[in-house]
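Take a walk through the charged contacts of this model, then turn to a patch on its surface. Keep the 3D view open and follow each pair as it comes up.

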Amino acid sequence: MIPANLLTWIIFFPLLGACLIMAVPRRYPSLMKVIALAATIPPLFWAGYLYLQFDRWNSGFQYVEKLPWIKASNIFYYVGIDGISIPMVLLTALLCFLCVIASWNITEYLRGYFALFLLLDTSMMGVFCALDFFLFYVFWELMLLPMYFLIGVWGGPRKEYAAIKFFLFTLVGSVLMLIVMLVFYFGSVDPSTGLHTFDLTVLMNQSAHFSLLRNHTIRWLCYLALLLGFAIKIPVVPFHTWLPDAHVEAPTAISVILAGVLLKMGAYGILRISYPLLPEMAAAFAPYVACLGLVSIIYGALCAMAQNDLKKLIAYSSISHMGFVVLGMSVFTNTTAIYGAVLQMFNHGTVTAMLFLLVGVIYDRAHHRDIDRFGGLAKSMPIYAGYTGLAFFAALGLPGLSSFISEALVLIGSFQEYKMVTITATSGIILTAAYFLWTMQRVFLGPVQKRYISLPEISFREAFVLTPLALIVIVLGFYPMPILDLIGTTLQHTVAMVAP
């Protein structure tokens with residue numbers, strides 16, 4: 001059944017599940033898990049419906065819902081989706097469904113865990129659907145609370161440190177966004193009402209800005225503040241230091257959400273807010289953004305190569321791969337690079353989700369993630385080795401797997417604008433191949449360690465979670481058009497808006 005207010009149901013249905021879980025007595029842990037799973041299935045079904053019904057030739061927002069919220073300040077509950085947001089909605093719905101199943105082995109404070117997880121689901125969906133700046137900010141801030149507790153309560157030995165570091169870094173970015181949001185509110189009016197507004201579709205219209213927002217210095221500072229705020233979330237070097245700690249200490253499912261969805265919000269924010277609201281500043285800052293992307297690619301890859309903790313290695317590899325997203329988004333002379341950047345956002349979400357789930361599988365059995373202490377696992381766990389090999393080869397950009405297409409599009413598009421930057425960035429691919437192959441050799445090849453010879457093979461539940469992601473990685477590697485068709489028209493409109 002497809003409800004009338006589809007986006008509202010997608011956003012808030014998980015919250016209904018969270019409320020229901022809070023009412024379940026503690027003696028029914030299995031019921032809590034079932035409710036959590038049931039709360040993520042309809043949003044996944046509805047996201048699939050949106051994907052099939054989305055008008056790919058329309059660059060505007062679709063499935064729009066707009067209702068008055070705080071009339072005194074002209075604030076609306078205003079949601080809608082376009083070609084940039086719908087892949088993120090689909091990715092969020094899929095990963096949340098899989099992560100609930102991946103969390104089946106959580107035993108402590110089960111009610112709180114699943115209630116916070118579903119609250120996180122609601123806030124992430126809200127960010128990708130919000131078209132009112134104030135509403136966007138509310139959902140953005142709402143994410144902090146569940147993520148802070150999910151890391152700080154259910155994390156590893158240094159969970160408090162990692163949670164506080166994540167919270168403080170993200171809060172700094174949020175405060176910068178809040179300042180810019182207020183400047184835009186008081187620096188613009190809705191031509192149809194004559195009132196100040198947070199409506200992003202109105203704020204995208206440059207004629208709605210008056211003297212305060214026409215000042216070059218103000219616009220420069222606003223863009224810089226937004227860029228810093230979103231760069232922390234991506235994260236771009238040197239604002240990345242919270243990420244490895246958060247990943248290492250977070251439970252497996254939360255690492256998946258962190259890498260698969262939350263890191264994409266920084267890039268999404270740049271495309272949704274920074275570019276359309278301040279297009280001339282986007283063009284002016286583009287060369288610096290490209291350099292930040294390059295630094296992230298190389299630095300992230302070098303740091304990953306130096307890691308002995310499997311989870312930390314993947315965390316640094318995420319920084320490197322998100323560098324390709326940043327590099328692709330900096331090119332406005334053609335749509336190829338931005339196509340690649342948005343496709344890389346989706347592909348990185350699925351590939352990194354696989355990687356963190358696989359780390360969780362081996363950690364549950366060996367109770368450590370030290371790469372040098374493994375060896376020969378391909379003989380004792382051949383199916384697990386197969387899944388991991390696929391994820392490793394996808395992450396290093398092997399042709400025929402999804403990341404190859406997206407990174408190739410970024411490099412092809414950016415070469416026309418930044419030749420030396422692009423040539424240097426290709427070394428990141430070589431470094432990525434080196435550390436993933438080296439890791440594979442140390443973990444899976446060679447003689448089997450006696451203490452790991454009887455490790456149980458991957459279970460049906462674990463395979464059930466990994467298989468959909470593996471299929472997506474393979475299918476998009478051969479045929480990326482299901483995503484490229486979706487984002488094409490919107491990105492052409494965005495590039496036309498920003499291109500000098």
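The model is predicted. Eight salt bridges are counted in it. The rule asks for a side-chain nitrogen of Lys or Arg within 4 Å of a carboxyl oxygen of Asp or Glu. Three of these pairs deserve a look one by one.

Start with lysine 66 and aspartate 199. Their side chains form a salt bridge, with N and O 3.0 Å apart. Lysine 66 sits in strand β1, residues 62-70, while aspartate 199 belongs to the loop between α6 (159-186) and α7 (200-203); the pair therefore ties together parts that are 133 residues apart in sequence. Aspartate 199 has a relative accessible area of 3%, so it is buried. The cut-off for buried is under 20%.

Next, find aspartate 82 and arginine 272. This salt bridge brings their closest N and O atoms to 2.6 Å. Which parts of the chain does the pair tie together? Aspartate 82 is in the loop between β2 (75-81) and α3 (85-102), and arginine 272 is in helix α11, residues 252-277, so the linked parts lie 190 residues apart in sequence. Here both aspartate 82 and arginine 272 are buried.

Now move to arginine 365 and glutamate 462. Their side chains meet in a salt bridge at 2.9 Å, N to O. Two helices are involved: arginine 365 lies in α14 (residues 336-366) and glutamate 462 in α19 (residues 460-478). The pair links distant parts of the chain, 97 residues apart. Arginine 365 has a relative accessible area of 16%, so it is buried. Glutamate 462, at 10% relative accessibility, also counts as buried.

Salt bridges can also share partners. Arg158, Lys165 and Asp245 are joined in this way into one network.

Leave the charges and look at the surface. Which residues form a nonpolar patch there? They are Ile164, Leu168, Leu171, Val175 and Ile179. Together they have about 400 Å² of accessible area. Pick out leucine 168, which is placed in helix α6. Its relative accessible area is 48%, so leucine 168 is partly exposed. Residues need over 30% relative accessible area to belong to a patch.

Methods. Residues are numbered from 1 along each chain as its sequence is written. This is a predicted model: local features need pLDDT of at least 70, side-chain atom pairs count only at pLDDT 80 or more; totals for chains, interfaces and linings use all residues. Side-chain values use heavy atoms; hydrogens and water are left out. Helices (H or I, at least four residues) and strands (E, at least two) are DSSP runs, numbered from the N terminus. Buried means under 20% relative accessible area, exposed over 50%, partly exposed in between (1.4 Å probe, protein chains only). Patches are made of residues with over 30% relative accessible area and no salt bridge: like charges are joined within 9 Å, nonpolar side chains (Val, Leu, Ile, Met, Phe, Trp, Tyr) within 5 Å. Accessible areas come from the Shrake-Rupley method with a 1.4 Å probe; for residues, only the protein chains shown count as cover.
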